[in-house]
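Here is a short tour of one model, written to be read with the viewer open. Take a look at the fold, then follow along below.

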Amino acid sequence: MSNYNWLITHHNAKIKERRLFAKKIMENNPSKIIDIGCGFGLWLELLDKNSNNNTQLIGIDNDKKTLEKATDRAKKWKSQSSFLHINIENQIDEIPKADLILMMNMYGYIKNIKSFTAKLLEKILPNGRLVIKQYDGTVFKFGPMNYYDRQKIENSLMIYKHDYTHYNIDRIWETLNELNPKLIDKRFEIFQRNGPFNRPFQKYFNNEIEWMKGKVSTECKEILSEWIKTVPNSKRYFFETELILTIQP
Ligand SMILES: C[S@@+](CC[C@H](N)C(=O)[O-])C[C@H]1O[C@@H](n2cnc3c(N)ncnc32)[C@H](O)[C@@H]1O
């Protein structure tokens, strides 16, 4: 099962921005919505708050236990909801058609993104949309930090063998250059917090540092531990950039 506490902590740290994003993507009242890699249904829950009684929400994930938890959360939603246990890369033909399909930080799990995206575009109903939101490991910054220390950490993280792709923006961009679908929104969005970090954000930030420590060299681990000890919360900054795409095939 995906790590429930980690995903909830991440969600709560960014809740203000996520609520706004959910509101925006529901502006043209899509009636059938699929969230690919829905996890515990956290995004679907935000969409439900902006939906009407005729909205149909479908969550897809390849983890049964995660979907059980999502099904439980969905009992409180006003929209109709259902969950499909599908491995999106091997069973893409089983993904239904919809007015709105979401790919929220999911490209890291897809190996052949060109054929996957081409097939996904066929799942969009007339006038429907595919919304992609994707982070990238290269644009995840916190500081202030000595430039050489930062570079050491980034290099160390880059050579770690992740079990998914941590660097996705360029591969998505290249895929879109090749497929050339009709894009109605293509931009980078910055998520930012200045110190002092509030408690929900601090919890997420600590998780990220611990995650990083597990993936970098001993020297970098020490740099991170020293940084946490010496840079006070009130003096810190954090920002990351996500690629946001809205496609109307
Ligand atoms: C990072 S988590 C949640 C991402 C979620 N969309 C969000 O933005 O909060 C990724 C989710 O994708 C699911 N997943 C990973 N690979 C998958 C695959 N091949 N098919 C379906 N679901 C997959 C995992 O089980 C997990 O719940």
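## Where α6 meets α9

Asp-149, Lys-152, Ile-153 and Ser-156 of α6 are in contact with Glu-219, Cys-220, Ile-223 and Leu-224 of α9, contact being C-beta atoms, placed from the backbone, within 7 Å. Sorted by class, this contact holds four nonpolar, one polar and three charged residues. Here Ala, Val, Leu, Ile, Met, Phe, Trp, Tyr, Cys and Pro count as nonpolar, Asp, Glu, Lys and Arg as charged, and the others, Gly among them, as polar.

Helix α6 covers residues 147-159, and its axis comes within 10 Å of that of α9, crossing at roughly 130 degrees. That makes the two helices oblique: angles under 35 degrees count as roughly parallel, over 145 as roughly antiparallel, 65 to 115 as roughly perpendicular and the rest as oblique. Axes are lines fitted to C-alpha atoms, for helices over the stretch in contact, with angles from 0 to 180 degrees between N-to-C directions. Helices (H or I, at least four residues) and strands (E, at least two) are DSSP runs, numbered from the N terminus.

## How to read the model

This is a predicted model, in which local features need pLDDT of at least 70, side-chain atom pairs count only at pLDDT 80 or more, and totals for chains, interfaces and linings use all residues. Residues are numbered from 1 along each chain as its sequence is written.

## The α8 and α9 pair

Helix α9 (residues 218-230) also packs with α8 (residues 199-213), at an angle of about 160 degrees and with the axes 9 Å apart. The two are therefore roughly antiparallel. Ile-209, Met-212 and Lys-213 of α8 meet Lys-221, Leu-224 and Ile-228 of α9. Four of the residues in this contact are nonpolar, none polar and two charged.

## A covered helix and an exposed glutamine

In α3 (residues 42-49), seven of the eight residues are buried, among them Trp-43, Glu-45 and Asp-48. Buried means 20 or more other C-beta atoms within 10 Å of a residue's own, exposed 12 or fewer, and partly exposed in between, with C-beta atoms placed from the backbone.

Gln-192, in strand β6 (residues 183-194), counts as exposed because it has 11 C-beta neighbours inside 10 Å. Beyond its neighbours within four places in sequence, Gln-192 is in contact with Phe-238 and Phe-239.

## Around the ligand

The ligand is surrounded by 17 residues, the closest being Gly-37, Gly-39, Asn-62, Asp-63 and Met-104. By class, this shell has seven nonpolar, seven polar and three charged residues; a residue is near if its C-beta atom, placed from the backbone, lies within 6 Å.

Definitions and conventions. Two residues are in contact if their C-beta atoms, placed from the backbone, lie within 7 Å.
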